[in-house]
Structures are given as C-alpha cells and as structure tokens.
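Work through the exercises below with the model open. Try each task before reading its solution.

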Amino acid sequence: MTVGSELTRALLVSRSIELISTHQSPSGAYPASPTFSAYRGYAWLRDGAFIAEGMSRAGQADSATAFHAWCAEVIGVRAAQVDALIARADAGQELALADMLPTRFTLDGADGADQWWDHQLDGYGIWLWALERHAVRHGAPVPGPAVAVAVRYLSRFWDRPCYDWWEEHVDRRHVSTLGAIHAGLRAALALGVLDRADAHAAQVAVAGVTALVAGYGVAPAGHLRKWLDDGRPTADPATAPAVFHTAEVPGDAVDASLLACVYPFGLYPPGHPVATATVAAVQDQLARGYGVHRYLADTFYGGGRWILLAGLLGLNHAAAGRREEALRHLDWMAAQATPAGELPEQVSDVLLAPDRLGEWLERWGPVATPLLWSHGMYLILADELGVMS
Ligand code: BGC
C-alpha cells in the first residue's frame, strides 16, 4: 500500500484508537508505553492529556472522559498536600523537589516507588487544557474540585524552576512549561468553575507568565528560547536525582516542545511574529526531512527524530495554512509504524549523537514502542487535517 494514500492514513487512525483503547487501564489512566522497561506501569499527565485530546477528537469520548476522571481523582486526593505546600511557601519555607506533586503516577494513581525526575509542572497545565477542549467538544463532566486544586498549585508555583518536558535541566524555567501552564490556567478560567479567589490567582499567574516570557523568553533572533534568560536559576541541581544527561545547551537554542506555545497552546498564536519565528527556527534547526529532533544537544538514545514532534510541527504548519506540508508530516509519522502498526517514541536512522545510542539500549532496551503519545499525536494531526476516516 502506498504511504500517503487515504486508506493508509485511515488504517493508522483505527490502529491508534485500538492500541490506546486496549492499553488504557480500567482506572482510566493511559500508560505511556505498556512494554518499555522504564515507563511500564506508569502514566504521565503530559502524555495522557495529549492522548486524551487525540481520543476526544477521534470521537472516543468515553475513553477521554475516563482519563479525565482518573486525573480528577489523582489530583483531587492531593488537595491537602497542595494546601500544605502553599502554606509552607507562604511562610517562606524552602520546598524540596520531592515535596512537590509527582510527574507520573502508577496506573492506580499512587506516587510509585521508582525514582523519577520529579518535579514537572507542565502536565498539570496540559491536563486542564485537554479537559476544557474535551468538555467543549463533548459536553463532558467538569470535575470542579480537582480543577481548583490544579489551579491553586499552578498559580502558586508557576514561576519555580522544574524539569522540562524531557525530564531535564531542573535548574531552569522552561518556556514550553510556562506555555503549558498559561494554556491550562486560561482553560480553567474558561470552564467557569473557579471561585473568585482561585480565578483571581489564575489571572495573576497568566499575566505573570505572559510578562516573564515576553521579557526573558524571546531570543534576539525573535523566536522563543528553550529556557528563560533571567540569570536566576534557583533550584540546586546537586540535590536533584541523576539527570538524563549533562549536555550543555546554549540558552538561545530552540526546543521542539516550544511549538506547542504557538499551536495548540496559543501563548503566541499563529501569525504573531514570535510564533512565526519560533516555528521557522524549529523547522530550520530541528527538522530533518519530516521527522523532528527534540533539541540539538539531545543525546537520549543518540538523539533521534521523534514521532510526536513531527505531529506537533505538522499541526503548526496546518494552523498556519500549510496543509500540504502538514500532510507530509502525517505520512512520515505513519511510515515509521512497525509492521504491527505501532509507533515508537523516536526513530534512530538519523542521530545527533550516534555514539550515545548504545548506552541507552543497554540501560533500558529498545526504544519505547508503542508510545501511546505518538499515537495520540497522530490522531490529533489526522483530525486537524480532516483525514480521520
Ligand atoms: C520523555 C517524556 C515522556 C516520557 C513518557 C520520557 O522519555 O522525556 O517527555 O513524558 O518519556 O513517554
């Protein structure tokens, strides 16, 4: 069958829905990758929220609703932890990374006993964003109390350094994390379930993100930067668990996760000069063919091309009216599927750091396959392009 034919596109849509549905836990959680050694048994808010958006767009409303109910449960039961964190911060106490909410949870919603790169704030924002999208699209229930917990957490801690989307550089404040928080808080406000105090705090934080990124998050070349250039990283990396790697990254570098700040998060919406420059910089620096690297200094599994980032670049081309270009990304994604129709996390044919592949194969085994986030992003782009069926 020819890659790019409508039938091929539709087949991978069905296969993606099937894989995501099959692996969704009865709890509602989406495991990041059911087979991969380091991810097995865990669900991330970030991965899950994008997967839920894909399922919601694909008409799989019950699946997305179950995921959001799971999120509401895991976040809702941590209300007292959030209130205590806020009280301690208000009293001027130092908060350790380990005190903050988890990045990933076991499928039944526990913190899990395995070491991971906590803490990360973006997932809480991406959850709120995906929840609002799903509620608007399908009239799905909105768990007001859990939304309020996430909003209080983000509104109080949005400007702390934390690990980025790739579990790296804990001493920095990452622009794509801030973009996710901005989108999440705006979504929560749009849901109309917040009381006055929470709504006010969310508005203040949204304005804070806007100002901080405008002031310190735009490189001289006019595109968003990987992290803020404000000269005040505050977390001590020495107290953090071992990082994925220690590559030095120039501050002005782009990271492909910045694409989300344009579309779908709209921190700088398509058409804004910063948005245009950001998409162009990612395209120029990180796209090889239709696949996309995370960032130039990436060494994880040798720094291959990520399927989900091809989807994010495709979405941005679509949002800017470049439909043909977006379709090429969709077809490239589909062409990376295994014979069983499973999409990996990344492909290793074009590597930024080929000599670093072996150590990861030895440590964690073959690249995560299937990665449900890759399938979720395929569904989102397929829907955006109107090729769902
Ligand atoms: C990536 C994260 C992702 C996680 C689970 C990690 O390798 O850095 O972005 O959330 O895998 O898919």
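This is a predicted model: local features need pLDDT of at least 70, side-chain atom pairs count only at pLDDT 80 or more; totals for chains, interfaces and linings use all residues.

**Exercise 1. Is Arg-305 buried or exposed, and what does its side chain reach?**

Step 1. Apply the cut-off. Buried means under 20% relative accessible area. Arg-305 has a relative accessible area of 7%, so this residue is buried.

Step 2. Look for backbone partners. The Arg-305 side chain reaches the backbone oxygen of Arg-288 at 2.6 Å.

Step 3. Look for side-chain partners. Arg-305 and Asp-349 are joined, side chain to side chain, by a polar contact of 2.9 Å.

**Exercise 2. Where does Asp-298 lie, and is Asp-298 buried or exposed?**

Step 1. Find the flanking elements. Strand E4 (291-292) comes on one side and strand E5 (305-306) on the other; Asp-298 lies in the loop between them.

Step 2. Check the accessibility. Asp-298 has 1% relative accessibility, and therefore counts as buried.

Step 3. Find a partner for the side chain. A polar atom of the Asp-298 side chain lies 3.1 Å from the backbone nitrogen of Phe-300.

**Exercise 3. Locate Trp-227 and say how far its C-alpha atom is from that of Leu-258.**

Step 1. Locate the residue. Trp-227 sits in the loop between helix H8 (196-216) and helix H9 (259-262).

Step 2. Take the distance. Trp-227 and Leu-258 are 31 residues apart along the chain, and 9.8 Å separates their C-alpha atoms.

**Exercise 4. Which residues come nearest to the ligand, and how much of its accessible area does the protein cover?**

Step 1. List the neighbours. There are 13 residues around the ligand; Tyr-39, Arg-46, Asp-47, Trp-165 and Glu-167 come nearest.

Step 2. Sort the shell by type. It holds 8 nonpolar and 5 charged residues, and no polar ones.

Step 3. Check the polar distances to ligand oxygen atoms. For Tyr-39, an N or O atom of the side chain is 2.4 Å from one. For Asp-47, a polar side-chain atom lies at 2.5 Å. For Arg-46, the distance from a polar side-chain atom is 3.1 Å.

Step 4. Work out the cover. On its own, the ligand has 310 Å² of accessible area, and the protein covers 100% of this.

Step 5. Identify the space. The ligand takes up the largest cavity.

Methods
Residues are numbered from 1 along each chain as its sequence is written. Side-chain values use heavy atoms; hydrogens and water are left out. A residue is near a molecule or strand if one of its heavy atoms lies within 4 Å of it. A polar contact is a pair of N or O atoms within 3.5 Å; within protein, one must be able to donate a hydrogen and the other to accept it, and residues adjacent in sequence count only if both atoms are side-chain atoms. Accessible areas come from the Shrake-Rupley method with a 1.4 Å probe; for residues, only the protein chains shown count as cover. On a 1 Å grid over the protein atoms alone, a cavity is a set of points where a 1.4 Å probe fits but cannot get out, and a pocket is an open set with protein on both sides within 12 Å along at least five of seven lines; lining residues have an atom within 4 Å of a point. A molecule sits in a cavity or pocket if more than half of its atoms lie within 2 Å of its grid points. Ala, Val, Leu, Ile, Met, Phe, Trp, Tyr, Cys and Pro count as nonpolar, Asp, Glu, Lys and Arg as charged, and the others, Gly among them, as polar. Helices (H or I, at least four residues) and strands (E, at least two) are DSSP runs, numbered from the N terminus. Buried means under 20% relative accessible area, exposed over 50%, partly exposed in between (1.4 Å probe, protein chains only).
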